[in-house]
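Here is a short briefing for a first look. Keep the sequence and the 3D view at hand.

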Amino acid sequence: MPKVEVIGADKGLLVVSWGSTFGHISEAVEGLLAKGENIAHMHIDMINPLPLGLKEVIYQYDHILVCEQNYGQLVNVLNASIEECEASSYLCDDAQPFTV
C-alpha cells in the first residue's frame, strides 16, 4: 500500500479529501497556498485499510478538515481510528459537486 502524499505546508491546516472531491479541494488549496496561507492537502484513495503513515501526518498538523460528499464517513473513521485525532468535517451531501 502506498504512503500518503501531502502537498503544501508542513503545519497549520491539513485538508483531507477522498473520492471525487480531489479536483475541487486541490484547486482551492493551491489558490490559498499561492496567497501564502499555511495549508496543505492530502487525498486518500481508500479508507480500509487506511494508508501507511497517515497517523504521523495527522499528528503533524494543528487542524484537520475533512471535505466529503456524503454524511461524514471518513471523518468518523479518522476520529475513531487515530488516537487524539479531532478532525472537523465539511460535508456536501446534496449530490452536487463542491464549488471553488
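The protein chain has three helices and five strands. Helices (H or I, at least four residues) and strands (E, at least two) are DSSP runs, numbered from the N terminus. From the N terminus on, their order is β-β-α-β-α-β-α-β. This is a predicted model, in which local features need pLDDT of at least 70, side-chain atom pairs count only at pLDDT 80 or more, and totals for chains, interfaces and linings use all residues. Residues are numbered from 1 along each chain as its sequence is written, and side-chain values use heavy atoms, with hydrogens and water left out.

**Overall form**
- The C-alpha trace of the protein chain spans about 30 × 30 × 25 Å along its principal axes.
- Buried residues (under 20% relative accessible area, 1.4 Å probe, protein chains only) make up 36% of the 100 residues.
- Take contacts (heavy atoms within 4.5 Å) between residues at least 6 apart in sequence: 70% join residues at least 24 apart.

**Strand β3 and Gly23**
- Strand β3 covers residues 39–44 and gives the most to the lining of the largest pocket, with four residues.
- Gly23 sits in helix α1, residues 22–34.
- Gly23 and Val4 are 19 residues apart in sequence and 17 Å apart in space, C-alpha to C-alpha.

Key. Buried means under 20% relative accessible area, exposed over 50%, partly exposed in between (1.4 Å probe, protein chains only).
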